Amino acid sequence: MDFRLNDEQRMMVDTARQIGERFGLEYWRDLDARKQFPTDYWKAVCEAGLCGVALPEEQGGSGLGMMEMSLIVEALAATGGGSTVGQLFMINPIFGGVSISRFGSERMKREVLPGIINGEINCCMALTEPDAGTNTLEIKTFASADGEGWRLSGRKIWITGVASAQKMLVIARTRKLAESRSRTDGLSMFMIDVQREGLTHTPIDKLGTCTLDSSSVFFDNVRVEADELIGTLHGGWRELLDVLNTERMVTTAGLVGAGELAIKLAVQYANDRKVFGERAISSYQGLQFPLAQCHVEIESARLLNHKAATNFDAELPYSNEANAAKLIAAQAVARATERAMQTMGGMGYAKEYHVERLWRDARLFRFAPVSEEMLLNYVAMHELGMPRSY
């Protein structure tokens, strides 16, 4: 097992760090205050070829893998963006890119993928519903057959990036649950335009991740064309899982970078801060030990996520590692951002020192895109062989 990066990977990480440092912490603090999408930042990421790192070369990508994408997200997050960077990659090269490259039509690959890769097209995914939550198999949004296409009606909630997106991956039932052969039968995926008659959305005011909007989405008899189907009609469940498990990896990478950044900011502050004499507060074990513990936990999440990404790229089983890494990362970064704020004392509470944004943003990922309780259920069932508990 070789943990060394190759020359191409090192070059990508260096490029990502240079872009992240060019924008820096002040850029993100300003956008957070204005609740504005990081348009210039994402354009720079795409122009550097980083968005399409794991997407096909024939559409303008690099044709590499999730390992390279994870490394890029880590570096971008650690240089200012924090865990929100994982969301940027989640909504675009994952929800848009992976779904189309793996399951989309040739027309969609040809017409949509290049726009995602170069940053001209932003994406989002409409999955979660108010009455279903984590229980995706209970979604009620329905696409009824209408000629060669469908008519889509229903409601989604907590959908990320709708206001800045041109394309939306929608998961809907195309066969009623009562008429399906199983609970997983009858789900389908569609890639539709956000600007379409009958599709409306309203923003949700929230605590963090303010540079990416979250919305309630309403479908009122929205027309879906035949060639907007992604994957298998009625058989989209397994294909959706492929998209969701890659989502775990970029989420974890963003969290790892955010934890790395929070600890770095705390150490810098502690090295400069002197009280009760001339010794820096970083010389006291009461501050050293908690930060060291957080560092170890974040490094553990990083390595497990790298294993998940490596397995994915080698077409080996990867879901156990992807889910476990996300669980560890979310918990570790919650502790790291909290401990960084505690290290800074009152200044950790000030927006000027940036850690409060990292803390607010990272808190989301203890229950999204999947809660830690459901991740533990997964581990208990699939790794320990215990019975279903819910």
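Mentor: Buried means under 20% relative accessible area, exposed is over 50%, and partly exposed lies in between (1.4 Å probe, protein chains only). Helices (H or I, at least four residues) and strands (E, at least two) are DSSP runs, numbered from the N terminus. This is a predicted model, where local features need pLDDT of at least 70 and side-chain atom pairs count only at pLDDT 80 or more, while totals for chains, interfaces and linings use all residues. Residues are numbered from 1 along each chain as its sequence is written, and side-chain values use heavy atoms, leaving out hydrogens and water.

Trainee: What makes helix H10 (residues 355-363) largely enclosed?

Mentor: Seven of its nine residues are buried, so the rest of the structure largely encloses H10. Those buried are Val-355, Glu-356, Arg-357, Leu-358, Arg-360, Asp-361 and Ala-362. They pack against helix H1 (7-34), helix H3 (66-81), H4, H7 and helix H9 (319-344), where contact means heavy atoms within 4.5 Å.

Trainee: Why is Cys-123 called buried?

Mentor: Its relative accessibility is 0%, so Cys-123 counts as buried. Cys-294 is buried too, at 4%.

Trainee: How do you know that Cys-123 is in no disulfide?

Mentor: A disulfide is a pair of cysteine sulfur atoms within 2.5 Å. For Cys-123 the nearest cysteine sulfur, on Cys-124, is 7.5 Å away. The disulfide count is zero.
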